[in-house]
Amino acid sequence: EIQMDNLGKRLLHVDFDRIREGEKVELDIELRYFGQPKVEGAVFQVLFGEVTVRCLPTAIPDRIEVDVREIKKGDEIRAKQIVLPEGVELVDPKGEEIIAILAEIRLETEALVESAPAEPEVITAREKKAEGAEEEKD
């Protein structure tokens, strides 16, 4: 980890981690979602942008790619469904955590139209003054 000053010009602090050859490390890796689901009436929602993995220092990936082209409306992508590079494993062995979903868009426009007033009520300056005068009399 590197810490810089507010202007990003001067190095303030650096943290180093010692690793041993042949010993696996745990770290968070970015998930990069690619592709466009071919579904209308749905929105793709990313719940997690990274996952925690365990691997040898020589096998640390820059990022993990997740293909979303084939998902269907209502589908969930779980961590265990990610295709991991060779030598990389999820820290959570079950991988049941939902990382993304293709949620259906539900439009309730009919209910909104029925409950909305036909025209907005307009209060003029005269009406405001009249209301203020009535309140003063009370």
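In this predicted model, arginine 20 has a relative accessibility of 57% and therefore counts as exposed, because the cut-off for exposed is over 50%. Its salt-bridge partner is glutamate 23. The N to O distance between the two side chains is 3.6 Å. Glutamate 23 reaches 40% relative accessibility, so this residue counts as partly exposed. Side chains of opposite charge can pair when their charged atoms come close.

The pair is one of 10 salt bridges found in a search of the whole structure. Another joins lysine 24 to glutamate 89. Here the closest N and O atoms are 3.4 Å apart. Lysine 24 sits in the loop between strand E2 (11-14) and E3, while glutamate 89 belongs to strand E8, so the contact ties together parts that are 65 residues apart in sequence. Lysine 24, at 40% relative accessibility, counts as partly exposed. Glutamate 89, at 30%, also counts as partly exposed.

Glutamate 89 has a further partner, arginine 54. Their side chains meet in a salt bridge of 3.0 Å, N to O. This pair, too, links distant parts of the chain. Glutamate 89 is in strand E8, arginine 54 is in strand E5, and 35 residues separate them. Arginine 54 has a relative accessibility of 23% and so counts as partly exposed, because buried means under 20%. Lys24, Glu26, Arg54 and Glu89 are linked in a network of salt bridges.

Strand E5 is joined to two strands considered here, E3 and E8. Strand E3 covers residues 25-34 and runs antiparallel to E5. The two are joined by 6 bridges.

Definitions and conventions
Residues are numbered from 1 along each chain as its sequence is written. This is a predicted model: local features need pLDDT of at least 70, side-chain atom pairs count only at pLDDT 80 or more; totals for chains, interfaces and linings use all residues. Side-chain values use heavy atoms; hydrogens and water are left out. Two strands pair if DSSP finds at least two bridges between them. Helices (H or I, at least four residues) and strands (E, at least two) are DSSP runs, numbered from the N terminus. A salt bridge is a side-chain nitrogen of Lys or Arg within 4 Å of a carboxyl oxygen of Asp or Glu. Buried means under 20% relative accessible area, exposed over 50%, partly exposed in between (1.4 Å probe, protein chains only).
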